[in-house]
Amino acid sequence: MEYLPGMEKIESNVCASVMEQINSYDYSKYTAKDVKAALEHDICTIEDFKALLSPAAEPFLEEMAQRARLETSRHFGNTVYLFTPLYIANYCENYCVYCGFNCYNHISRMKLSPEQIEKEMKVIADSGMEEILILTGESRCQSNVEYIGEACKLARKYFRMVGLEIYPVNTDEYKYLHECGADYVTVFQETYDSDRYEQLHLLGHKRV
């Protein structure tokens, strides 16, 4: 699972730190006392989080839900976040066994033209929606960064907030997409278990 050509190599210990915590996690050592203490703390530590994930936390699900509600309210207030997803292309070069878009699935593939993208965005904006999430399959060949950037520029004409859910790109490309109008990106890491990840992602850039 080495980096492929063109992939930016970012020096970071995040993955190693996460894996170290996962590999040392013994869920059986946590007790109801640990769970209660975690719920009483103002800030949830890593150890608190482990206690809340352990089987000992099962009798405390309602208390955990109430605490989560308080935390959510503290950070976001009493709000509901709505956005409209718009797939501008569904071509994909990956073989991820769980995904309906994977390159071996025989489905209809399409890539919207700029005119089609703007038409869809106008319809969405006219419905009153102020935020949009632009999505593509993971195919640089069919949906290159410039194509996605043009979609961002169109979206800025109609929406207050523009999000992206695309293949991971490099730092300079994220900068370019931000300059085109993107406010945020979503990238999914389905699992940090490297053996399981390898079983689920059989081909393509997503495999790394």
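Helices (H or I, at least four residues) and strands (E, at least two) are DSSP runs, numbered from the N terminus. This is a predicted model, in which local features need pLDDT of at least 70, side-chain atom pairs count only at pLDDT 80 or more, and totals for chains, interfaces and linings use all residues. Residues are numbered from 1 along each chain as its sequence is written, and side-chain values use heavy atoms, with hydrogens and water left out.

Among the buried residues of H6 are Val145, Ile148, Ala151, Cys152 and Ala155; buried means under 20% relative accessible area, exposed over 50%, partly exposed in between (1.4 Å probe, protein chains only). Tyr147, also buried in H6, has Lys111 over its face, at 4.5 Å from the ring centre. Such a charge has NZ of Lys or CZ of Arg within 6 Å of the ring centre and within 35 degrees of the ring normal.

Elsewhere, Tyr25, Tyr27 and Tyr30 form one aromatic cluster. Rings of Phe, Tyr and Trp (its six-membered ring) pair if their centres lie within 6.5 Å; planes under 30 degrees apart count as stacked, over 60 as edge-to-face and the rest as tilted.

The count of disulfides (cysteine sulfur atoms within 2.5 Å) is zero. The sulfur of Cys103 is too far for a bond because the closest cysteine sulfur, in Cys92, is 6.7 Å away.
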